[in-house]
Each structure stands twice: as C-alpha cells, then as structure tokens.
Amino acid sequence: VDVKYLFMVSFYSSKSKGDQPLGFLNKTKKWENKKKRALSTAENYVKNIVNNYISRGSSVKTPCGYDSDVFSLFMSGFKYKDTDDQGRSWSEILSDLCSTKPMDRLLCGDVGFGKTEVAVRAAFVALCSNKSVAVVAPTTILTQQLYRCFSDRLSSFGFSCFAVSRLSKNSSLNVDLFLSGGPSVIVGTHSIVRNDLVLKKVGLLIVDEEHRFGVEDKERVFSLNSSVDYLSMSATPIPRSLQFSLSNVRDISTMLTPPISRKPVIVNVLKYSYPFLKNIISSELSRGGQVFI
C-alpha cells in the first residue's frame, strides 16, 4: 500500500489460533465476504454488550444492610487513619452497596493509596448481608497477596476465604467449598471469570488491576448475573473504562491523596543493575516503606 494510503490499514485480531492465511488483492469477492463476516461478528458482539447493559440498567438488587456497631468493630482491625480521598471513596461505595441499583464503580488510585482496604470493607458489608464475594486478580502473586489480606481481616469474623491459582493447593476443592457453603470470599485469577457457577453465585465482584483483563472477561459476568455489584480497581485504567466513567455509564471514585508519611515519587531512568536495585529496595524496606516492582 502506498504511504499516502496508510490510513486504510488497521489492526485486526482473530480468535482462531495459528497463523492467518494471506488474502489475495485480485480476489476481491473473497476479501469482501471475509470482511463482511468480521464486521458481522463485531456487530453481534457489541449488540450483546449493549443488551447486557440494558438488562443491568433495569435490574433491581437486594440492598446490603449496614450495622454501624459491627462495622466499627471490624474497623478496629485497621491500624491506619483514612486519607480524605479514601474516606470519601468508601462513603460512595457504601452508598452503592446499600442502594437497590447494582453498583458499577471504578476505583482509581496509585499503588499504596489504600484501594485494597476499601475493597475489603466492601466485601465485609456484602458478607454481612449474606452475599458471597469474588476477587479477581491478573497474576498468581497478586492473588496470594490479596488472599492473605482478605483472610487476615475477615477470618476473625467467621467468614471463609478461598484461593484459586497455580500457587494454591486444592484449587478445584476450594471452588466446590465456595459454591456449596454460605457467604464467603473466593480470590483467584482469570479462571474465576470463566466459571459460570461462581459468577452466578456472587453478590459482589471485585476486579483488581482491571486494565489487565480483556473486555469479554469483564463483561461476561453481566450476561450471567445482571444484578451483581461490580467494583473495579486500577492505577492506570484503560481509555474505555475512563470513557464509561465520564459518560456516566460507570461511576468513578478517585484517590489522589497519598497516605501520611508517603514520600513523593522521585523518577530516575537508569540502566538495569541488580546490586543497585537490591540496595534501593533494602533502603526502602529498612525505613518501613513499600516497594512495587
């Protein structure tokens, strides 16, 4: 294609695995038919998503109950003071949970600004209202971190937490226990999003690092469970999520206030050096700080 016609070239990704066969410029009929099929598939996919949102918009859910005394007891396990943004974000999420309209909220904030703590509180309120919770993360390491965090805060109140990932023992058994038991939390990777029974059971779905998941994965739950409360978290949301929030399809809560004693970020672009990296990580940990790699 001549350089001046580069605007006519665009990326196309097919679901079929393996190499895509090349087309022929002289067989225009074949190309047109292939193009029509691709457009038809895309249109059907978009229509399905639109129908899910229409169904979700008319859905009415059972609102969560809120007992201030029980919640105060739960909050006694949080040893830090909320930032202004953290407190405001939690108030907005609590209002969503106690509403009859299903929650669809994006929680946006930098690493270490307290998004996970807000998610744990949302899970606690849902569990106290006899609703199960699913927490989805993109990696096995993050899944283990979230599992420990949720388990530490919730287990003392009698709620069970189950982990499902490559690093978890008896993952299939954990899924069975989650499905057969009462209100509980299941934390896992993509496999949770692809389990119909799990998605149908949960009353609250929390997606961490939501920009790491495909559109189809995130939208699938709405086709199976239109009244589910949905909370997504990200430090760098994808443009689609931001557009949804700006157009009022999805609500957004932003956490811009760093925690007390959080030091400002100093940016340096350096050549990779293991000894240097080890030194700055040791320095940060020795002062009681956090490191995100």
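Asn130 counts as exposed, at 60% relative accessibility (exposed is over 50% relative accessible area, buried under 20% and partly exposed in between, with a 1.4 Å probe and protein chains only). The model is predicted, so local features need pLDDT of at least 70 and side-chain atom pairs pLDDT 80 or more, while totals for chains, interfaces and linings use all residues. Residues are numbered from 1 along each chain as its sequence is written, and side-chain values use heavy atoms, leaving out hydrogens and water.

Asn130 sits in the loop between H4 and strand S2 (132–136) (helices are DSSP runs of H or I with at least four residues, strands runs of E with at least two, numbered from the N terminus). Although not a glycine, Asn130 has a positive phi of about 70 degrees. Asn170, also not a glycine, has a positive phi of about 55 degrees. This residue belongs to the loop between strand S3 (160–164) and helix H6 (171–180), and is exposed, with a relative accessible area of 52%.

Turning to helix H2 (residues 68–75), Phe71, Phe74 and Met75 are buried. These residues cover an arc of only 95 degrees around the axis, which puts them on the same side of H2 (the arc is that of the directions from the helix axis to the C-beta atoms). The buried residues of H2 pack against helices H3 (84–97), H4 (115–128) and H5 (140–154), with contact meaning heavy atoms within 4.5 Å. Exposed Asp69 and Leu73 lie on the face of H2 turned away from its buried side.
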